[in-house]
Amino acid sequence: MQSTILQMLREHPGDFVSGEAMCNTLGVSRTAVWKHIKDLQDAGYQIEAVRNKGYRLQSSPDLVTAAEIRDGLSTTVLGQTIVYRETIDSTNNLAQELANNGAMEGTLVIADEQQQGRGRRGRNWFSPPHSGVWMSLILRPQLPLAHAAQITLVTAIALAKALTRLTGVQAGIKWPNDILFNKKKCCGILTEMHAEFDQIHHLVLGIGINVNVPQEDFPEDIQHIATSLQAVKGTPIPRAKVVQVVLEELEPLYRQYVADGGFGTLRDQWKAHNITLGNEIIAHTAQGTIQGRALDIDEFGVLLVEQPDGEQKKIYSADIMFA
């Protein structure tokens, strides 16, 4: 109901919307409308109320609630169900629980603060309150298990496109799961999977984006390797808008990935946005360290590296550093 009220107010910028119009649209009493207006005001919305005129929206807080994200969202699957928490241990944890209990594909779990946010290999992810997008999507692609890891590469394409749109500055993909500006990390992807036999049951796609974090607010040990959309663009960006653009970029790519049965047809788009290929890298794998020049990725997203002696290695999973 609050989403509808906000939509009505935003459809009349600078003008009043009468209480009667809201009552008729919502099918509730004036008292019920006033209660919802009061709740919105308590949440930080500046709503002017004038007798015999109605209500006018003056400003909105930077929130990532369901109401804010839904307002203007143009997807048909991703984000159609939204679970919001002000504070959470990890959005991936809750998304896994919901997925195990049958949550629909496209369900979005999002929080203002993650207390135990994590990246790949169990690393902590810096996720202070009210300054970033910390979210997880539940996906149920009908694909063989071997194709599960490729969703990270598909998501990276969407994120590079979305963050470039939002900032006006070209974002680049560092294989396999980071989005960088000028070699500083702004966004990371953590994909977790539940499978049965050779079929994917569900994927939980965790995405962390530093949005409105001033550069000086990053901890000292990561200031030289981390950045935010605000630091890149020079001005804050509404976080709900960030979520909307990411979902809108991801949905058609995800649909193509599922329809085509894998990543192969999206490979050229990934290469167009990557900053890994052609560079000297150091890859820390479970089997040891590999150093060389990143040559290419194959249709499965596997990274091909040429070592100094000319030998070529395939890397399926690794932490990558630029040499």
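Is Arg293 buried, partly exposed or exposed? Arg293 counts as partly exposed, at 33% relative accessibility. The scale runs as follows: buried is under 20% relative accessible area, exposed is over 50%, and partly exposed lies in between, with a 1.4 Å probe and protein chains only.

First, the ground rules. This is a predicted model, in which local features need pLDDT of at least 70, side-chain atom pairs count only at pLDDT 80 or more, and totals for chains, interfaces and linings use all residues. Residues are numbered from 1 along each chain as its sequence is written, and side-chain values use heavy atoms, leaving out hydrogens and water.

Back to Arg293. Its side chain meets that of Glu306 in a salt bridge, at 3.6 Å from N to O. A salt bridge here is a side-chain nitrogen of Lys or Arg within 4 Å of a carboxyl oxygen of Asp or Glu. The pair links distant parts of the chain: Arg293 sits in strand β11 (residues 288-297) and Glu306 in strand β12 (residues 303-306), 13 residues apart. Helices (H or I, at least four residues) and strands (E, at least two) are DSSP runs, numbered from the N terminus. Glu306 is partly exposed, with a relative accessible area of 26%.

Side chains of opposite charge can pair when their charged atoms come close. The whole structure holds 15 salt bridges. One of them joins Arg255 and Glu251, at 3.3 Å from N to O. These two lie four residues apart in helix α8 (residues 239-260), so about one helical turn separates them. Arg255 is partly exposed at 45% relative accessibility, whereas Glu251 is buried at 8%.

Lys185 and Asp178 form another salt bridge, with their closest N and O atoms 3.0 Å apart. Lys185 is partly exposed, at 24% relative accessible area. Asp178 is buried, at 9%. Elsewhere, salt bridges link Arg10, Glu68 and Asp71 in a network.

Now the helices. Two packed helices are described by the angle between their axes and the distance between the axes. Helix α1 (residues 2-10) and helix α3 (residues 30-42) have axes that come within 10 Å and cross at roughly 80 degrees. Therefore α1 and α3 are roughly perpendicular to each other, a label for angles of 65 to 115 degrees. Contact (heavy atoms within 4.5 Å) is made by Gln2, Ile5 and Leu6 of α1 and by His36, Ile37, Asp39 and Leu40 of α3.

Definitions and conventions. Axes fitted to C-alpha atoms, helices over the stretch in contact; angles between N-to-C directions. Parallel < 35°, antiparallel > 145°, perpendicular 65-115°, else oblique.
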